[in-house]
Amino acid sequence: MGKTLFDKIWDSHIVVSKPGHPDAVYINTHFIHEVTSPQAFDGLRKRGIPVFRPAKTRATADHNVPTLHQDQPIKEALSRHQVEMLTKNTAEFGVELYGLGHRFQGIVHVIGPELGITLPGMTIVCGDSHTSTHGAFGAVAFGIGTSEVEQVLATQCILQYKPKRMKIEVNGQLGKGVLSKDIILYIISKISASGATGYFVEYAGEAIRSLSMEARMTICNMSIEMGARGGLIAPDETTFDYIKGREFAPKGADWDKSLEYWKTLYSDSDAEFDKVLTFDAADIEPQITYGTNPGMGMGVTRHIPALDQLDEKERPSFKKSLEYMDLQPGAELLGKKIDYVFIGSCTNSRIEDLRLVADFVKGKHKADDVVVWIVPGSKQVEAQAMEEGIDKIFAEAGFQLREPGCSACLAMNEDKVPAGMYCISTSNRNFEGRQGPNARTFLASPLTAAAAAITGKVTDVRELLVNS
Amino acid sequence: MSKIFQHLVSSAVPVPIENIDTDQIIPARFLKATTREGFGENLFRDWRYNPDNTPKADFVMNNPVYSGQILVGGKNFGCGSSREHAAWAIADAGFKVVVSSFFADIFKNNALNTFILPVQVSEGFLDRIFKAIEADPKAQLEVDLENQFIKIVSTGEKEDFDINQYKKTCLLNGYDDIDYLLSLRKEIEQYETTRTYNF
């Protein structure tokens with residue numbers, strides 16, 4: 001019997017597999033950032049051991065950095081200390097750091113791919129659940145906790161039980177105004193925030209194949225939001241074209257040899273999955289979430305479920321969620337006034353996202369009472385946006401283009417949505433308080449967010465596309 | 001915190017909400033510490049305190065009737081962010097066991113690595129635990145790792161739970177994963193020599 005892509009990669013990275021024990025899996029690339037690594041370095045110090053393979057770990061500062069005035073010292077003392085600890089730890093243990101001010105600095109899941117560090121066939125981990133993003137390249141990539149960060153620093157391996165395999169096929173073609181963000185929000189709304197727990201997902205089908213690398217990253221990024229350990233897409237010409245020539249990508253003979261291997265990375269036709277789900281791209285309209293987990297989403301023209309459409313057991317959590325959002329069961333969201341727009345995060349802060357938004361808003365201006373934050377995923381994205389004049393389009397539209405970081409996706413820094421306000425956000429989580437205490441989040445695609453920025457309310461972007 | 005877990009009889013703190021994500025367990029703005037200690041005071045921060053830092057009277061942790069070393073949560077406990085700080089906050093607040101009918105993967109690993117025992121029970125048994133605590137906030141639960149069962153002491157209702165044997169051994173003896181991985185150094189170096197690709 002054939003093997004799935006996931007099995008091919010996982011099995012070739014097993015160092016030791018003992019009955020009754022989790023597999024010791026070798027890790028090719030380990031990314032770290034300032035928030036989930038300091039306690040791991042402390043652990044190494046306590047044990048008196050070095051980083052085993054320092055060249056296989058790369059560090060950046062992203063979660064807790066300001067997105068204005070990055071050339072100046074960080075004002076907030078605890079944040080400054082945390083970022084300084086990363087600088088100190090990486091220097092002491094010999095790990096390369098792309099810190100504030102470095103031309104490669106940015107959100108860890110944006111810089112790995114854009115620097116050609118992320119490659120097909122790799123095992124990749126990071127102390128961040130959105131590490132699944134790198135799966136877009138046909139890599140086995142997943143988020144880990146700090147104790148596991150310490151394991152990888154100490155041994156370049158991690159102990160894991162092998163997850164089950166799920167295939168999600170999206171067939172057909174996407175409609176106008178529907179982006180890869182809508183595909184993944186749609187899937188999560190269908191299978192729930194825990195629908196893929198215990199599984200590693202492979203995305204396949206025509207609608208996935210036709211996506212750019214950056215759009216594929218958006219899909220894989222949100223695998224964790226349905227509970228999956230990770231998600232991946234078999235590499236193809238789109239993948240190889242994207243990687244070729246990037247800073248750390250293989251070159252010359254190394255490239256040829258790598259390419260030969262990468263072309264073996266697909267699920268065999270007779271490979272078996274533990275679960276297969278199939279969706280039709282034509283059924284997907286622009287999506288929006290209404291609740292406080294990413295599974296609580298719907299087409300933007302739809303109504304929030306009424307209580308009698310729900311299982312009795314689900315009702316208390318559903319009611320709590322809608323109370324937090326100050327929304328009514330059965331209501332529609334179209335026309336709902338919004339206060340903030342956040343376009344950024346490891347889900348949607350890449351150059352294609354910014355181009356798409358710029359194309360849409362060119363010659364338009366934001367609604368009066370709306371604050372619009374655009375936070376590029378990296379210094380490289382920021383530089384590219386300026387080179388293309390995208391910064392000017394945003395300035396004319398009244399959008400604030402800030403500096404790279406995780407920003408209002410998790411509101412660890414000062415980029416917080418004020419209490420009670422509604423933010424339409426291209427990020428990945430709408431949990432209570434995620435964008436600031438008592439802030440209310442609607443997750444959506446960059447186009448749907450941009451449309452809301454212009455109209456000041458939840459809008460079906462397709463109507464504006466027809467008129468333009 | 002103790003690295004060993006074997007057996008516990010305790011009352012429990014019930015949070016009967018589904019999909020409790022790690023942002024609720026410990027909001028991101030409290031992740032700025034660079035040590036593992038002290039997160040307990042911000043456990044369930046925004047459910048526990050008002051914006052002016054006064055306690056919210058209706059939250060279970062602010063009701064002195066409820067106490068104990070067992071936290072009981074609804075389905076899909078610990079979803080969302082991979083922050084191990086969530087497990088540290090639970091441990092720092094004095095809990096040794098978390099009971100739910102379903103755990104998110106990363107949280108489960110983080111809990112075990114923090115020497116907190118995640119006990120997954122059936123939805124029916126979870127309901128019975130919530131009902132037992134509703135009837136008597138001091139209702140005792142017994143958790144036995146060696147024999148892998150959880151029991152509602154007053155009624156004698158009991159359910160077995162699963163845990164992988166490796167992790168069970170770690171918890172019973174206070175071993176951690178790094179001790180084991182470090183013992184594999186020769187095998188790891190041997191594996192590296194077999195890799196054909198430059199990554």
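Which hand does the crossing of α2(A) and α3(A) have? The crossing is left-handed, that is, the near helix is turned anticlockwise from the far one by less than a right angle. This is a predicted model, in which local features need pLDDT of at least 70, side-chain atom pairs count only at pLDDT 80 or more, and totals for chains, interfaces and linings use all residues. Residues are numbered from 1 along each chain as its sequence is written, chains are lettered from A in the order in which they are written, and side-chain values use heavy atoms, without hydrogens and water.

**Helices α2(A) and α3(A)**
- Helix α2 (residues 38-47) and helix α3 (residues 77-93), both of chain A, pack at about 40° with axes 10 Å apart.
- P38(A), F41(A), L44(A) and R45(A) of α2(A) are in contact with K88(A), N89(A), E92(A) and F93(A) of α3(A) (heavy atoms within 4.5 Å).

**Helices α2(A) and α5(A)**
- The axes of α2(A) and helix α5 (residues 146-155) of chain A cross at roughly 55° and come within 8 Å.
- The crossing of α2(A) and α5(A) is right-handed.
- Among the residues of α2(A) that meet α5(A) is R47(A).

**Chains A and B**
- 57 residues of chain B are in contact with 75 residues of chain A.
- Between chain B and chain A there are seven salt bridges (a side-chain nitrogen of Lys or Arg within 4 Å of a carboxyl oxygen of Asp or Glu).
- R47(A) also forms a salt bridge with D176(B), at 2.7 Å from N to O.

Methods
Axes fitted to C-alpha atoms, helices over the stretch in contact; angles between N-to-C directions. Helix = DSSP H or I, 4+ residues; strand = E, 2+ residues; numbered from the N terminus.
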